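Dear colleague,

Please find the structure we discussed below.

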Amino acid sequence: MQRNHDFYALFQQAIHKGLRRITPFSDNPLKGNAFNQFLRLRTWESLPLGRILPMLFFAIGLLYLYAAPHFEASDNDAHIGVVKWIAETGELPVQSAKHEKHYGHEASQPPLYYLLMSLFWSALQPSDFDDVFQRNPLVLAGDPERLGSRNMMFYRQPYPPDLEGTSLTLYVIRLLTLGMATVSVAAVYQSARTVMPEQPGFALLATALTAFNPMFLFISTSVSNDVLVTTFASLACWQALLMLRQGFQTRRSVALAVFIALATLSKLSGLVLAPVVALAGFWLLWRTGNRRGFLLLLVAIFAALTLITGWWFLRNISLYGELTGTGAMLDHFGRRTMSLPQLLLDEFEGLRISYWGLFGAFSILTHRLHYLLMDALSLIGVIGLFVFLAHNRRHGFLLSVVGFLTLYLAIGGAMLIWWTLQVTASTGRLLFPYVTSISILLALGLRALRIPALLVAAPMFAFCVAAPFLYIIPQYDHPPRLERLPESAADASVRWGDISLLGYELPAPARWTPGDEIPLTVYWQPLKATDAPHALFISLITADGEALATIDSFPGWGALPTTWWESAAIYRDEYILQIPPDANGFSDVQLHIGWYPFPDGADILPLLASGERIAAYTIPIGAFVDVDSQESLKADATNDGTVFGDAIRLNAWRFSDGHILELEWQLTREIAGDLRVFAIALAERYQPDAPFEIVAQADASPPAGLDFLNVGETFVTRHEFELAAGFAGDHSIYVGWYNEGIGQRLSAPYPANMLELPAVRFSAPGP
C-alpha cells in the first residue's frame with residue numbers, strides 16, 4: 001500500500017515538473033489542491049445528478065416517443081379526443097353517449113392538461129385527423145397473455161414517423177408531456193436530497209426507481225393527464241418534505257397550496273394531497289407550536305382549491321348534479337360489482353406488473369424475469385423499510401418523512417381500490433401520482449439493507465433503454481419487404497383472389513401440447529393494389545375439424561391492412577399460433593390458412609397454381625396430444641393383451657349398439673409409418689388357405705400419428721360397421737394393423753397377422 005502511495009507521489013511530481021517546463025508562471029493553476037482533484041478519479045457521487053438524471057430521463061423518453069405510435073397507450077384515443085374537442089369547439093366536453101366517438105368517458109376528467117394541450121392543437125391546426133385516426137377492429141387489447149394484433153390504430157408510416165399534420169401535432173403534445181414528466185423526475189431527486197442531503201447515492205437510487213421505470217417512461221410519452229397530475233404531485237411532495245425539515249414558510253405554504261390545486265385540476269387523484277399535507281402541517285404544529293404557520297397553510301390550501309378548482313366543481317354540480325362528475329363517468333364507462341378479496345386475487349398481479357412495464361393498451365408484456373426481479377426488489381425494499389424504522393426510531397424528521405409518504409400512498413391506494421371495485425381500472429399508471437412515495441420508501445428500505453445504488457440503477461437503466469427495441473417497436477412495425485422468396489421457405493403457389501402466398505416457413509411436423517407456440521412465417525405478394533380490406537385467418541385444425549387455436553388479423557399481425565399493400569411487393573409476415581393451456585384433445589392437426597373480405601364476407605376459396613380450386617388450404621403440422629385427454633375404455637370392456645409389430649398392444653375392446661367396435665391400444669415401443677387399423681367381419685371363421693367372405697369392413701386411423709406418441713400412451717380407435725342386407729347375426733371380427741403406404745400388415749402371433757375376436761351379434765343393416 002505504501003509502495004502505491006510513493007508511486008503516486010512520484011507520478012505527481014513528474015507531472016508538476018513537466019507542467020513547469022511548459023508553463024513557467026509561478027501561479028500555475030494546476031498545482032496544489034486543484035491539481036490533486038484533477039488527477040484523482042471523480043466518483044459518480046460527485047456528479048451533478050440533479051441535472052444529469054432528468055436530462056438522461058428526457059433522452060431515454062425520446063426513444064419511447066419514437067417507439068410507441070400515438071394512440072397506443074391506455075385511453076390515449078379518448079384523451080386526444082378531449083384535446084381536439086376543446087381546440088375545435090372552444091368548449092369543455094360534456095359526458096354523454098352522443099359524443100362517445102369523440103372523447104369517450106374522459107369528458108368528466110378535470111381539464112387542466114387538456115386546456116394546455118389544446119393551445120398547441122389550435123396553433124398547429126391539423127386537418128387530416130380523420131385520415132390518421134383509423135381504428136383496428138381486430139385488435140387484441142387487455143389480454144397480454146394472448147398473442148395477437150396489438151395496434152389500436154393503423155399507421156401508414158410508423159417508422160420513421162410521419163411529421164406532418166395530425167401526427168406532427170401529436171408529437172409536439174407528447175414531447176411537451178415528456179417535459180412535464182422530466183419535472184417529476186427532478187422533483188423526486190430533490191425530494192430524496194431533502195430526506196438525506198448527505199447521501200447522493202440515496203438520491204440516485206430513489207430517482208432511478210422512477211426515471212428508469214419502463215412503464216413510467218412509456219406513459220410519460222403518451223397523451224395523458226396522468227403525467228401532469230404526477231408532475232404537480234411530485235412538486236407538492238418535495239415542498240412538503242422541505243416543510244417537514246425546515247418548518248413553515250409563507251412562500252412554501254403558498255407554493256404547496258398551488259401545486260395541490262393544480263394537481264386536482266389535472267386529475268381528481270391530486271385532491272388526495274390536501275388532507276395528507278394538512279396532517280403533515282398538524283404534526284409540525286405539534287412539534288413546533290407554530291400556530292400561525294399552520295393556519296396560513298390551511299388557509300392557502302383552501303383558497304387555492306377554491307380559486308383554481310372551485311369553478312370546475314360548480315360546473316359538475318350544474319351538469320351532473322354531483323361534485324366530481326365520477327358518477328356520470330361510471331354511468332358511461334359501466335359499473336361492476338366486485339368484492340375486495342376477489343379484486344386482490346384477480347387483478348393485483350396486473351396492477352403490479354403494469355406499474356413496472358405493460359405497454360400498449362394493457363397488452364404488451366416484457367420478459368417474465370423483469371417482473372420477478374422488480375417483485376424481489378420491491379419485497380426487499382419493504383422489508384428494509386422496517387429495518388430503517390428500527391434504526392431511526394428516535395429520528396423525528398425521518399419518522400415524519402416515512403409517515404407522510406406512507407399516509408399519502410395509503411390514502412391514494414385506498415382511493416384506487418375504491419375506484420377499481422366499481423370499474424375495471426387496475427393499471428399501474430394510476431399509481432404514478434404517488435411515485436415519489438413509492439420510490440423514496442423503497443429506496444429507504446434498500447439503503448437500510450446496504451444495497452448499492454448502482455446495483456439497482458445500472459440494470460434498470462440498461463433495461464429501460466433496451467425495452468423499446470425489444471418489446472414495443474416489433475409490435476407496431478410494418479412487415480419487411482423482400483426482393484425475392486428466401487431459399488428457406490417452402491413453396492406454396494396458392495392464391496386467394498389477388499392475394500398470392502408464395503411460400504411459408506414452419507417447424508417440422510411435431511407433437512404439440514397445451515400451451516405450445518407454433519411459429520409461422522408467410523410470404524405474401526399482392527397481384528394488384530386494392531381498396532377492399534381483407535382479413536386473414538390461421539387456424540390449428542384437428543382431424544374432426546375443431547379449431548384448437550385461431551389468429552384473426554389483418555396482415556402484419558394487424559399493422560398493415562391490404563388497402564396499403566403495394567402491387568407485386570413481397571411481404572414477410574410472421575405469426576405465432578398459441579395453443580391455449582386448457583386445450584384438450586388427441587388428434588393429428590394441420591394449419592388452415594385463408595382470407596375473407598372484412599368484416600363479414602364469405603371465405604375466399606384458394607386457387608392452386610395448377611388451376612384447381614380447393615375448399616381449404618391446409619398444411620400438416622403433426623399431432624396435438626393432451627395427455628389428460630387420452631381415451632381408455634370403461635371397465636365393461638374385454639381385456640386382451642395381443643401385441644402387433646412388437647410395438648402396439650391391444651389392451652381391451654368393446655362391441656356395442658350392434659355395429660360399433662372400439663379398440664383400446666397402447667404403444668409399447670416407438671414405431672413410425674402410415675399405419676391404420678383394419679377391422680373385418682367374416683361370414684365364416686377364417687381358415688388359412690381357404691376362401692373367405694368379408695361381410696363388412698371398418699378401417700380406422702389412430703387419432704394421432706404413432707410417430708408423435710410416447711411409449712406407454714394409450715388411444716382408442718372406433719370402427720362403425722355397415723353390413724349388407726341379409727348378414728345380420730353372429731360374426732367373428734378380425735383386427736390388425738397395416739402400413740397403408742406399402743400394404744403390409746404388422747406381425748401378430750395369429751394366421752394372416754390378424755386377431756380373431758369372439759363372435760358378436762350384429763344388428764340389422766344400417767341405413
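Predicted model: local features only at pLDDT ≥ 70, side-chain atom pairs only at ≥ 80, totals over all residues.

Residues are numbered from 1 along each chain as its sequence is written, and side-chain values use heavy atoms, without hydrogens or water.

The largest nonpolar core has 139 residues. (Such a core is a set of buried Ala, Val, Leu, Ile, Met, Phe, Trp, Tyr and Cys residues joined through side-chain atoms within 4.5 Å; buried means under 20% relative accessible area, exposed over 50%, and partly exposed in between, with a 1.4 Å probe and protein chains only.) Helix H11 (residues 225-246) contributes the most to this core, with twelve residues. Helices (H or I, at least four residues) and strands (E, at least two) are DSSP runs numbered from the N terminus. A second, separate core of 42 residues includes Ile551, Leu577, Tyr617 and Phe624.

Beyond its neighbours within four places in sequence, Phe404 is in contact (heavy atoms within 4.5 Å) with residues including Cys237, Leu241 and Val277.

Asp582 lies in the loop between strand S10 (570-578) and strand S11 (586-597). Its relative accessibility is 63%, so Asp582 counts as exposed. Asp582 and Pro514 are 68 residues apart in sequence, with their C-alpha atoms 6.4 Å apart in space.

Finally, Leu256, Ile260 and Ala263 of H12 meet Leu273, Ala274 and Val277 of H13 in the contact between these helices.

Yours sincerely
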